[in-house]
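Please go through the terms for the model shown here and set each value against its cut-off.

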Amino acid sequence: MPVPAATLDDGRVSPDVPLLEVRHLVKEYHLPRERLLAPPPVVRALDDVSFTLQAGRSLGIVGESGSGKSTLARLVMALETPTAGTVRLDGEDLHALGAAALRRARVKLQMVFQDPYGSLDPRRTVGQTVSEPLAVLQGMPRVERLQRAAEALEAVGLRSGDLGKYPHEFSGGQRQRIAIARALITRPRLIVADEPVSALDVSVQAQVLNLMRDLQERYGLSYLFISHDLSVVDLVCDEVIVLQGGRIVEKGPPDTVFRQPVHPYTRRLLAAVPALEPSV
Amino acid sequence: MIDNASSVPIGKAAGAGTAAMPGGGPASSPEADAPLLEVRGLRVTLPTARGPVQVLRDVSFTMARGQTLGIIGESGCGKSLTALALMGLLPEGAQVSGSIRLDGQELTTLDEPALCRLRGARMGMVFQEPMTALNPLHTIGRQIAEPLRLHRRISASAARAEALRLLERVQLPQAAHRLDAYPHQLSGGQRQRVVIAIALSCGPGLLIADEPTTALDVTVQREVLDLIGELVAQDGMGLLLISHDLGVMARAVRHLLVMYAGAAVESGPTPEVFRRLAHPYTRGLFAARPRIGLPRGTRLETIPGRVPDLADLPPGCAFAQRCERAQDDCRRAMPAPIELARHHHVRCLRPHGQD
């Protein structure tokens, strides 16, 4: 296992090693062959993407369907292998780790998905779902696991009494809170959130966004926040990357990118955001 | 709640000036002076595992010909059920009371064959997910021609020519080439254009669009909204747009109806509703919306609590338990609509802007 440059007393790596460092990431997918003997066509979903994310900060990834933002999320989560490039978490190259080391590294890295209906197993209790990521921390006593699950539920504004309930007993916003509780339970440093509020109603979306902010302050979390909604990213993120066709076309603090956009694609995205002022 | 047929210039009759004529057969002869759509005291009760639940509670509104009306609200507020009730597509076992009149013709008493003649011919429909609205096994051209042959009884070759004209109208690139394409060969935005072409095919007087751009990317969303706006204006069609997105409404409709827990709580001209935000729920929706340019670290205002269970509604205003302005009288009976200004109505005892 690569030794990080320096380790602080609390086990965290020294501040000069970024929490997440993505370098020259490329991901190609082979499409089905169009002709028997021709080489299969290749799609480059990510094309030389590099960025860093410091601990406690939030980075937004915006772009439209096919821009590569979800591919990026899967590569950062090490759910897929890149064609080229590296993803380093606390200095560790995730894609160079063996299975066991990767499982340990995943404790620091959790994910929240878009669909609070599809991402929870309807046959498992909330307690089982929320404590599932703890399975990698082998040997944790059951009592402690339950204790952690209760804490995580309370951190997201649910009750520990909800542990024995099933997902269908909860509303969409509450289910997304359960998904966030599951992500929190390993006390991660980074949460990759792929469209975490897109399926929620406006008033519920506001509650979940406020919750994500509170949790960030309380636990020093970092978010890699993937969204098609520029206003959500503007609110949540310290920095934003605009992806188009797998390439970064613009990057910077939202104050700059959203107020003085340079790239024509960013301008087009911004112009398309419906304004609240009636135009009719 | 909206009673402003007179405020909107009466558009030319639906379909006039285009090749398409309003279909529907002899039973439908529209009364010239009737509004395009008049919904009065609509109540819908659905059977559920916990017994019958009233999901639409006394919904009333009127649309003049050529008027654009948006229904906005959150999941479960009844906006989509209102559209389904108009189209006669409510789930099995639904009980309907009240009145729905299209061109003066009562729809709630029609049987299924009569409704079938009406749908597509006098009401065009566009839904959220174009991939499920289209049949993956049939070409685009065939799917556009189907309603034409069904409602207008024209020949296959005439239908194909008309299908091409419609695809050109919805600005589908390479329309002639695309007639023989299958849905999977098109992008999401292109598929939604095809669905719009089908909805327009028989020159309906009313276009019902339920979250038509929700599944689309933001730049495509804008193009499709603008396209719907142009087509509606060109044909003098009424547009009933259902959306959860205030920004979409601001762009696309002149009148707005806000729904909460199965009831219409505020209605009026879009700029008026946006300016005044009279109902505390309307105001809450606005405040909760993230928007570009808020200072970093702003906490969004949220509406406390959650939407009440329709099976277990408290007496009185359904929003009272989440409303900071609520007093005892709010919890006694559902407030009757009051007129704040011309055509601007609110079901609230303590609306904003009256203090």
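The questions and answers below concern a predicted model.

Q: Which residues of H6(A) and H11(B) meet, and how do they divide into nonpolar, polar and charged?
A: From H6(A) come A:Val202, A:Ser203 and A:Ala206, and they meet B:Gly284, B:Leu285 and B:Ala288 of H11(B). The residues of this contact comprise 4 nonpolar and 2 polar, with no charged; Gly is counted as polar under the scheme used.

Q: How do you know how much each chain brings to the contact between chain A and chain B?
A: The count is by residues, with 33 residues from chain B and 29 residues from chain A. On the side of chain B that touches chain A, the elements giving two or more residues are helix H8 (218-235), helix H9 (246-252), helix H10 (270-276) and H11 of chain B. Of these, H9(B) gives the most, with 5 residues, and that side of chain B as a whole divides into 13 nonpolar, 9 polar and 11 charged residues.

Q: Why is B:Arg160 called partly exposed?
A: B:Arg160 has 17 C-beta neighbours inside 10 Å, whereas a buried residue needs 20 or more and an exposed one has 12 or fewer, so B:Arg160 counts as partly exposed. B:Arg160 is found in helix H5 of chain B and, leaving aside residues up to four places away in sequence, touches B:Gly141, B:Ala145 and B:Leu179.

Q: What is the length of helix H4 of chain B set against?
A: Helix H4 (residues 140-152) of chain B has 13 residues and reaches 18 Å from its first C-alpha to its last, which is close to the 18 Å expected at 1.5 Å a residue. Just after H4(B), B:Arg153 takes a positive phi of about 50°.

Q: Which residues of H4(B) are buried, and what covers them?
A: The buried residues are B:Ile140, B:Gly141, B:Gln143, B:Ile144, B:Ala145, B:Pro147, B:Leu148 and B:His151. What covers them includes helix H5 (156-169), helix H6 (175-178) and helix H7 (188-200) of chain B.

Definitions and conventions: Residues numbered from 1 in each chain as written. Chains lettered and ligands numbered in written order. Predicted model: local features only at pLDDT ≥ 70, side-chain atom pairs only at ≥ 80, totals over all residues. Contact = placed C-beta atoms within 7 Å. Helix = DSSP H or I, 4+ residues; strand = E, 2+ residues; numbered from the N terminus. Expected span 1.5 Å × (residues − 1).
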